[in-house]
Amino acid sequence: MSNCLFCKIIAGEIPCHKVWEDDAHLAFLDINPIREGHTLVIPKAHAPYLFDMDDPSYQSVLATAKQVAGRLKEVFQVLRIGVAVEGFAVDHVHVHLVPLTGAGQLDPKLGKPADPAVLAQLAERIKTF
Ligand SMILES: [Zn+2]
């Protein structure tokens with residue numbers, strides 16, 4: 001989709017702090033993280049709503065989220081990686097993965113703009129783990 005923010009990121013028209021990629025998925029840091037390491041996992045094919053995806057695509061998005069979550073858990077040494085899918089801000093499926101140390105931390109209202117230099121450093125840590 002030509003005016004979709006995430007499709008533009010996939011096309012390389014808008015930069016992102018990439019942490020993981022395969023042929024069909026991309027994972028990058030949220031620029032307004034709820035917590036350190038807040039990552040978005042998206043399919044490269046534009047899809048507006050997770051539960052409207054065909055089963056193989058849906059399952060591969062979640063399998064990718066699981067894989068990326070495992071990496072985030074190790075890098076940030078947290079108890080859990082929280083998962084959220086809302087999709088109101090950008091109309092392209094994205095799974096939020098948020099490193100958590102306790103209950104109540106998975107609140108979108110906690111999101112704040114992050115320093116791009118800090119994000120670049122974090123992305124490097126996750127990518128090279
Ligand atoms: Zn899109």
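User: Is His92 buried or exposed?
Analyst: In this predicted model, His92 lies in the loop between β4 (80-84) and β5. The cut-off for a buried residue is under 20% relative accessible area. His92 has a relative accessibility of 0%, so His92 counts as buried.

User: Which residues does His92 touch, not counting residues up to four places away in sequence?
Analyst: The contacts of His92 include Cys4, Phe6, Cys7 and Ile10. Of these, Cys7 is found in helix α1 (residues 5-10).

User: How many Å apart in space are Cys7 and His92, C-alpha to C-alpha?
Analyst: Cys7 has a relative accessibility of 14% and therefore counts as buried. In sequence, Cys7 and His92 are 85 residues apart. In space, their C-alpha atoms are separated by 8.0 Å.

User: Is Ser57 buried, exposed or partly exposed?
Analyst: Ser57 is found in helix α2. Partly exposed residues fall between the buried limit of under 20% and the exposed limit of over 50%. With 27% relative accessibility, Ser57 therefore counts as partly exposed.

User: What distance separates the C-alpha atoms of Ser57 and Ala45?
Analyst: Along the chain, Ser57 and Ala45 are 12 residues apart. The separation of their C-alpha atoms is 9.3 Å.

User: Which element gives the largest share of the largest nonpolar core?
Analyst: The largest nonpolar core has 24 residues, and those touching the most other members are Val19, Leu29, Val68, Leu72, Phe76, Leu97 and Ile126. Two or more residues come from each of β1 (18-21), β2 (25-29), α2 (55-76), β5 (95-100) and α3 (116-127). The largest share, seven residues, is given by α2.

User: Which residues does Leu72 touch, not counting residues up to four places away in sequence?
Analyst: Leu72 is among the residues of the largest nonpolar core that touch the most other members. Two further residues of that group, Leu97 and Ile126, are among the contacts of Leu72.

User: Which value does phi of Gln77 lie near?
Analyst: Gln77 is found in the loop between α2 and β4. At 62% relative accessibility, Gln77 counts as exposed. Its phi is positive, in a residue other than glycine, and lies near 50 degrees.

User: What is the radius of gyration of the protein?
Analyst: The protein has three helices and five strands, and from the N terminus its elements run α-β-β-β-α-β-β-α. The globule rule gives 14 Å for 129 residues, and the value for the protein is close to this, so the protein is as compact as a globular protein of that length. The radius of gyration is 14 Å.

User: How far apart do the centres of the positive and negative side chains lie?
Analyst: The protein exposes about 7,400 Å², with carbon and sulfur atoms supplying 55% of it. There are 12 positive and 15 negative side chains. The centres of the two sets are separated by 8 Å.

How values were computed
Residues are numbered from 1 along each chain as its sequence is written. This is a predicted model: local features need pLDDT of at least 70, side-chain atom pairs count only at pLDDT 80 or more; totals for chains, interfaces and linings use all residues. Side-chain values use heavy atoms; hydrogens and water are left out. A nonpolar core is a set of buried Ala, Val, Leu, Ile, Met, Phe, Trp, Tyr and Cys residues joined through side-chain atoms within 4.5 Å. Buried means under 20% relative accessible area, exposed over 50%, partly exposed in between (1.4 Å probe, protein chains only). Helices (H or I, at least four residues) and strands (E, at least two) are DSSP runs, numbered from the N terminus. Contact means heavy atoms within 4.5 Å. The radius of gyration is taken over C-alpha atoms; the globule rule is 2.2 Å times the number of residues to the power 0.38. Accessible areas come from the Shrake-Rupley method with a 1.4 Å probe; for residues, only the protein chains shown count as cover. Lys and Arg count as positive and Asp and Glu as negative; His and the chain ends are not counted. The place of a charge is taken as NZ of Lys, CZ of Arg, CG of Asp or CD of Glu.
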